[in-house]
Amino acid sequence: MKAWWRFKNSYFFYSFRRDPVALVSFSVFFFLVLVSLFAPVIAPHNPYDTSTIDVMDAEIPPSWMDGGQERFWLGTDIQGRDLYSTMLYGLRTSVAIGIGAVLFQGILGIVVGLTAGYVGGRVDGFLMRVADIQFSIPYLIVAIITSAIFQLAFGVGRFEQLAMPLLILIIGISEWPKYARTVRASVLGEKQKEYVEAARVIGLNPVRIMYRHILPNTLTPVLVISTIQVAQAVMSEAALSFLGLGMPVTKPSLGSLIKAGFQYVFSGSWWITTFPGILLVTFTLVVILFGDWLRDVLNPKLYKG
Amino acid sequence: MPNPTTSLLSIRGLVKHFDISGGLLDQLTLEKGRLRRRRTTVKALNDVSFEIRRGETLSVVGESGCGKSTLARTVIGLYPPNRGQVIYGDQRIDHLTARQMLPFRRRMQMIFQDPYASLNPRMTVARILEEPVIFHNPGMSAAAAAEKVADVMDQVGVDPKWADRYPHEFSGGQRQRISIARALMVDPEFIVADEPVSALDVSIQAQILNLLMDAQEQRGLTYLFITHDLSVVRHISTRVAVMYLGTLCELAPAASIFNQPRHPYTQALLSAIPRLGEQRSRHIRLKGEVPTPIHLPSGCVFHGRCLYADERCRQEVPTATPLGPDGLVACHRVAEGKM
C-alpha cells in the first residue's frame with residue numbers, strides 16, 4: 001500500500017500521465033499483451049486444432065469484402081484457418097519468444113557484466129572480449145548454423161516441437177553482450193562509491209555486495225534497454241521465421257504468418273500477410289515508443305531521484 | 001615495540017603504491033629502437049609507521065593528495081599494503097583472508113566523507129543499519145535487531161520513526177549521523193573517520209564533531225581521524241600526525257604541535273591558519289609546488305621546498321625518530337639539534 005502511494009506520487013508516474021505518447025503506447029502494449037495472454041479465450045477458433053480446420057475454407061477474404069463470411073472476420077489463410085484467431089495465437093508466440101529471449105539475455109548479460117565490472121582486471125578483460133566476439137557474429141549466421149545442425153541431428157519433427165526454446169536461446173545468446181556492456185558500465189561507476197566500501201568494511205562477501213548493493217543501483221538502464229530489446233527480439237524472431245528458420249507453419253508466429261501469406265500477395269490474397277504485418281509493426285512500434293519515453297524519464301541527467 | 005596495554009593499533013613501515021599504467025599495450029614504449037615495458041606507479045604511502053593508543057583520537061592532517069585517505073583505507077583493510085604491517089592489538093591483520101578478518105571487522109569500522117555517496121540509495125535506513133548487526137550475529141531475531149537499530153538511531157540523534165525512509169529524504173547532516181550509526185551498530189572499539197565533516201556546512205560540522213566526541217566518551221572509542229581542517233583538529237585530537245607526500249613528517253600531542261611545531265613543513269602548514277587581529281602575516285611562504293607522487297624527490301621528500309634543507313636532506317631519507325614520550329619527527333635538522 002505504501003509502495004503504491006509512493007509510486008502514485010512519484011515523478012515517474014506524474015510524467016507518465018502527462019505524456020500522451022507514453023500513455024497511448026503503454027495502453028496499446030498492455031492491451032496487446034493481455035489479448036495474447038488470453039488468446040485461447042478470445043479467439044473464435046483454435047488454429048492448432050487440425051480437426052476444426054477445413055481446406056475448403058482456404059483464402060476466404062475478410063468479412064466486409066465480396067465472398068467474405070461472417071465466421072472469418074479477417075478472412076482465412078491458405079490452410080483454411082481463421083486469420084484473426086491465428087494472429088492472436090501468433091502474437092502470443094511472438095511475445096513469449098520476445099520476453100523469453102529478453103529474460104535469458106538479461107540474466108546472462110547481468111551476471112557477466114556484474115562480474116566483469118566488479119572483479120575487474122583479467123576477468124573483466126576476458127569476459128568483455130568474449131562479449132565482443134559474440135557481438136561480431138551476426139545472429140542470422142548463429143541461427144542458420146544452429147537450426148541446420150539441430151534439424152540434422154534431431155529431425156524436422158522434433159525441431160517443430162523445440163522451435164520456441166531454440167529461438168529464445170538463439171536470440172538470447174546473440175544479444176546478451178548489450179546487457180553485459182550496459183551493466184558493466186554502470187557497475188564501474190557504482191563500485192567507486194563509498195557505500196560499496198562501507199559494505200566491504202562490514203565484511204560482506206563480494207557476491208552479496210554485487211547482487212544486494214550494486215545491482216539494484218544499476219537496474220535503471222537495464223529496464224530501459226529491456227523494453228527496446230523486447231521489440232528487437234520480436235523483430236528478430238519474425239525475421240528468422242520469415243527466412244524459414246523460426247516457428248513452423250503449424251505453430252505460426254507473426255513472422256511465419258507473414259512468410260506463409262507472402263507467396264499469395266500477388267495472387268490477390270493480400271490479407272494473409274498484411275494483417276499480421278500491421279500487428280507486428282504496431283506491437284514493436286509501441287514498445288519502442290514506450291522504451292524511448294522510459295529512457296528520457298529515467299535519464300539521470302534530466303532527473304535525479 | 002608497541003605496548004599492548006596502551007597501543008590499540010600500530011602500523012610499521014606501511015608502503016602503498018598504485019599502478020596506474022593501465023593495460024599491457026599502454027605499458028609498452030619504444031626506447032632507442034627497443035620495445036620496453038614501463039610501469040607508472042603513484043607512491044601514495046612510503047614507509048609510514050606509528051601507533052594509535054587505546055582511547056585516543058589520532059588526527060592525520062595534510063594537504064590533498066598526501067596519502068591521508070590511502071592511509072585510512074589501508075589501516076581498515078580496504079587496500080592491501082605493498083609492504084609493511086598493520087597490527088591490531090597483538091595480531092597482524094594486513095594479510096588475513098576475508099574469513100580470518102571477520103572478528104576484526106566488528107571491532108573496527110569506518111565513517112566516510114561524502115554522506116551522499118556512503119549510504120546505498122536503494123536501501124531504507126532500517127536495512128542499512130540492521131545489515132551489519134544481522135551479518136555479524138546470524139542468530140539474532142528480527143525484533144532484537146530492530147530494537148538495536150532504534151537504540152543506535154536514538155543515540156546519534158535521528159528519530160527512530162524515520163527508519164523506513166530512504167537516504168535521499170534526509171539532509172547531509174542527518175545522513176552523516178546515519179553513517180555514524182552504521183559504524184556504531186556492531187559496537188566497534190576503533191573507528192577510522194575519513195574526513196567525516198568536510199562535506200558538511202560549518203554549523204552542522206560542530207554538531208557532528210560533538211556527536212563523535214560523545215560517542216567516544218560513552219563507548220571508549222579510539223579514532224583515527226583524517227582531515228585537512230586544522231580548526232577541527234585542534235578541537236578533537238589527542239595527538240596529531242602531519243603527512244606530506246605519503247610520508248609522516250611529525251607526530252605530537254595536539255597542544256604541543258600547535259604551540260611548538262618542530263618539522264619545517266608543520267611550521268609552514270600551521271602558519272597558514274589565519275589569526276584574528278593579526279597585523280603582519282606570519283605566514284611562512286613555501287616555494288614551488290608539491291612534487292608529483294609518481295616521481296618522488298630523493299632524500300627527504302620535502303627538501304625541494306624546505307627553507308632549511310642542506311646536502312644531507314637531498315641525499316638521505318630521514319627516519320621518524322622519537323621526540324619526547326609521545327612524539328615522532330622525521331627531519332635531519334631536528335635530529336641534529338639545529339632546530
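The largest nonpolar core of this predicted model has 155 residues, and those with the most contacts inside it are B:A181 and B:L248. A nonpolar core here is a set of buried Ala, Val, Leu, Ile, Met, Phe, Trp, Tyr and Cys residues joined through C-beta atoms within 7 Å. A residue is called buried if 20 or more other C-beta atoms lie within 10 Å of its own, exposed if 12 or fewer, and partly exposed in between, with the C-beta atoms placed from the backbone. Helix α5 (residues 83–119) of chain A gives the largest share of this core, 15 residues. Helices (H or I, at least four residues) and strands (E, at least two) are DSSP runs, numbered from the N terminus. Residues are numbered from 1 along each chain as its sequence is written, while chains are lettered from A and ligands numbered from 1 in the order in which they are written. As the model is predicted, local features need pLDDT of at least 70 and side-chain atom pairs count only at pLDDT 80 or more, whereas totals for chains, interfaces and linings use all residues.

Leaving aside neighbours within four places in sequence, B:L248 is in contact with B:V48, B:F50, B:A241, B:M243, B:A320, B:L328 and B:A330; contact means that the C-beta atoms of two residues, placed from the backbone, lie within 7 Å. B:A241 and B:M243 lie on one side of strand β11(B) together with B:R239, with B:V240, B:V242 and B:Y244 on the other, and these residues are all buried. Strand β11 (residues 239–244) of chain B is largely enclosed by the rest of the structure because 6 of its 6 residues are buried.

Strands of a sheet pair through backbone hydrogen bonds, either parallel or antiparallel. Two strands count as paired if DSSP finds at least two bridges between them. Strand β5 (residues 57–61) of chain B runs parallel to β11(B), with 4 bridges between them, and B:V60 stands opposite B:A241. With strand β12 (residues 247–253) of chain B, β11(B) pairs in the antiparallel sense over 6 bridges; B:Y244 has B:T247 as its bridge partner in β12(B). The hairpin of β11(B) and β12(B) has 2 residues between the strands, and B:L245 takes a positive phi near 55° there.

Chain B also holds an open sheet of 4 strands in the order β4-β1-β6-β7, with antiparallel pairing. Its edge strands, β4 (41–53) and β7 (91–92), each pair on one side only. Strand β6 (residues 83–88) of chain B is joined to β7(B) by 2 bridges, and B:I87 has B:R92 as its bridge partner.

Turning to a helix, α2 (residues 68–76) of chain B is mostly covered, with 9 of its 9 residues buried. Among these buried residues are B:K68 and B:R73. B:G77 follows α2(B) and has a positive phi, near 95°. B:H168 makes a contrasting case: this residue is exposed, with 11 other C-beta atoms within 10 Å. B:H168 is found in the loop between α5 (142–155) and α6 (172–184) of chain B.

Finally, the two chains meet in a contact that takes 21 residues from chain B and 15 residues from chain A. On the side of chain B, α3 (98–105), β8 (108–111) and α4 (125–136) each supply at least two residues, and α3(B) provides the largest share, 4 residues.
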